[in-house]
Amino acid sequence: MRQATVLKDGLGFVEGPRWHEGRLWLSDSTNGAVWALDANGGIERVVDVPGQPSGLGWLPDGRLLVVSWANRRLMRLDPTGLVEHADLSGVATFHCNDMVVDGAGRAWVGNWGFDLAAYLDGRDLLAVSAVPDLPTAAIARVDPDGAVHVAATGLRFPNGTVISPDGATLVVAETFAERLTAFDVETDGALTNRRTWAELPGVVPDGIALDAEGAIWVANPVAPECLRVASGGAVVERVATSQPCYACALGGPDRLTLFLLTNPPYEPGAHGENAGRVEAVTVTVPGAGWP
């Protein structure tokens with residue numbers, strides 16, 4: 001197991017890393033901001049997001065899309081400022097979380113489906129997976145014009161999501177099912193042929209990143225690690241982090257840098273301390289697809 005190096009610390013609770021135009025972009029829910037980190041360690045506060053930012057992506061014309069976590073909205077950063085792109089409250093039954101935006105500008109957004117704080121109640125995150133009657137959630141698909149559709153239902157906390165380079169396959173982390181689930185993406189954006197991509201017992205998959213060999217890096221917030229997983233569930237590589245790992249992204253000029261966002265162990269309402277970190281390690285297989 002290789003050890004990641006800390007690039008930036010002193011951030012709030014960080015998630016949703018994306019490599020875009022030579023910088024690492026990320027959401028900081030504690031400080032309500034989207035940050036962009038450059039190769040020299042310089043950091044820019046790009047935009048403040050009401051309701052706390054989560055998933056990030058870009059429309060084909062370059063405008064930023066950002067999920068407003070608690071408000072259940074998808075926001076868009078226009079030249080004149082932040083505006084509502086879509087209202088997700090008709091699909092999301094609790095807080096929204098991660099998102100992937102494809103090359104056509106279609107956004108797929110997950111949500112919790114239930115009040116996680118109520119279900120924790122002294123349990124750790126892994127124990128929540130064992131709750132048999134855990135409410136499920138739907139994935140919302142938002143078309144470039146802002147139209148919202150139910151893309152898939154019956155998912156246990158749909159979270160990090162990737163799309164293959166050909167746009168034909170979407171894989172989502174079902175955090176409290178301890179698995180990655182795949183769908184075919186039809187030309188109209190419909191998700192079909194649902195199937196298990198990998199069972200990951202003992203892991204609560206959060207953010208994920210796809211590489212050019214078809215393996216997926218999986219952030220595991222119940223351990224200080226990120227796992228590289230092959231289709232079927234074999235763990236082929238592990239990277240150690242300084243604290244629990246919540247999200248990952250493959251970036252850098254050649255997409256051979258695995259960026260890892262780490263935070264202290266999750267406790268509802270305990271996001272006030274600025275203990276979030278950006279960590280990184282060089283890998284041998286570049287990133288592929290979206291994000």
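The second largest pocket is lined by 13 residues, and Leu-7, Trp-19, Asp-38, Ala-39 and Phe-259 lie nearest its centre. This is a predicted model, with pLDDT of at least 70 needed for local features and 80 or more for side-chain atom pairs, while totals for chains, interfaces and linings use all residues. Residues are numbered from 1 along each chain as its sequence is written, and side-chain values use heavy atoms, without hydrogens and water.

On a 1 Å grid over the protein atoms alone, a pocket is an open set of points with protein on both sides within 12 Å along at least five of seven lines; a cavity is a set where a 1.4 Å probe fits but cannot get out; lining residues have an atom within 4 Å of a point. Points are joined across faces, edges and corners, and a volume is the space filled by probe spheres set on them.

The second largest pocket has a volume of about 180 Å³. β2 (5-11) and β24 (257-262) each supply at least two lining residues. Strands here are DSSP runs (E, at least two residues), numbered from the N terminus.

The largest pocket has a volume of about 310 Å³. Its lining counts 18 residues, with Arg-18, Trp-19, Trp-58, Trp-290 and Pro-291 closest to the centre. β3 gives the most, with four residues.

The search finds five cavities of 30 Å³ or more. The largest cavity has a volume of about 290 Å³. It is lined by 21 residues; Phe-13, Glu-15, Trp-112, Asp-206 and Tyr-266 are the closest to its centre. β7 and β11 (96-101) each give two or more residues to this lining.
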